[in-house]
Amino acid sequence: RVRSPRDNCVNERFNRTLKEEFIQTDEEFEVYLAENDLTKANQKLTEYLIFYNLERPHQALNYMSPIQWYNQNHKLMSLLPMYPTYTRA
């Protein structure tokens, strides 16, 4: 529902993090958004999302990255299908 942040609080928090850590700090992103071809903007956003899930520590996960937390709790295979170049440490 519109203007109901409690309905979807997890996504609202992610949107806030995305805005504060990426959009406001990446000087090139707004320039790329102004262009007709959004390929570069999508590439920058994808790079941030990979960082967010593979490297960035999250307080709710005891300061582990989501991939570290998932590996610890679910014992993943050595290669992940969505990131074939990433292997477990």
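Select K44 and D26: both are buried (under 20% relative accessible area, with exposed meaning over 50% and partly exposed in between, 1.4 Å probe, protein chains only). K44 forms a salt bridge with D26, and the closest N and O atoms are 3.3 Å apart. The term salt bridge stands for a side-chain nitrogen of Lys or Arg within 4 Å of a carboxyl oxygen of Asp or Glu. K44 lies in helix 3 and D26 in the loop between helix 1 and helix 2, so this pair ties together parts that are 18 residues apart in sequence.

E28 lies in helix 2 and K44 in helix 3, so the pair ties together parts that are 16 residues apart in sequence. With a relative accessible area of 39%, E28 is partly exposed.

Before moving on, note what is on the screen. This is a predicted model, in which local features need pLDDT of at least 70 and side-chain atom pairs count only at pLDDT 80 or more, while totals for chains, interfaces and linings use all residues. Residues are numbered from 1 along each chain as its sequence is written, and side-chain values use heavy atoms, with hydrogens and water left out.

Colour the chain by pLDDT, the predictor's confidence in each residue, from 0 to 100. The mean for the chain is 82, and 82% of its residues reach 70 or more. Confidence is highest in helix 3 (residues 39-54), at a mean of 91, and lowest in strand 2 (residues 83-87), at 53.

Now switch to a cartoon view. The chain has 4 helices and 2 strands, counted as DSSP runs numbered from the N terminus (helices H or I, at least four residues; strands E, at least two). From the N terminus on, the order is α-α-α-α-β-β. Of the 89 residues, 24% count as buried.

Next, select helix 1 (residues 9-23). Its 15 residues should span 21 Å at 1.5 Å a residue, and its end C-alpha atoms are 20 Å apart, which agrees; the expected span is 1.5 Å times one less than the number of residues. Which residues of helix 1 are buried? They are T17, L18 and F22. These cover an arc of only 105° around the axis, which puts them on the same side of helix 1; the arc is taken from the directions from the helix axis to the C-beta atoms. The buried residues of helix 1 pack against helix 2 (27-34) and helix 3.

Stay in helix 1 and pick E21, then R56. Their side chains meet in a salt bridge of 2.8 Å, N to O. The pair links distant parts of the chain, with R56 in the loop between helix 3 and helix 4 and E21 in helix 1, 35 residues apart. R56 counts as buried at 15% relative accessibility, whereas E21 is partly exposed at 33%. The count for the model comes to 4 salt bridges.

Last, follow the loop between helix 3 and helix 4 (66-74), where N62 is placed. N62 has a positive phi of about 60° although it is not a glycine. Y63, in the loop between helix 3 and helix 4, also has a positive phi of about 60° and is not a glycine. Most residues other than glycine have a negative phi. N62 counts as exposed at 62% relative accessibility, and Y63 is exposed with a relative accessible area of 54%.

Methods. Contact means heavy atoms within 4.5 Å.
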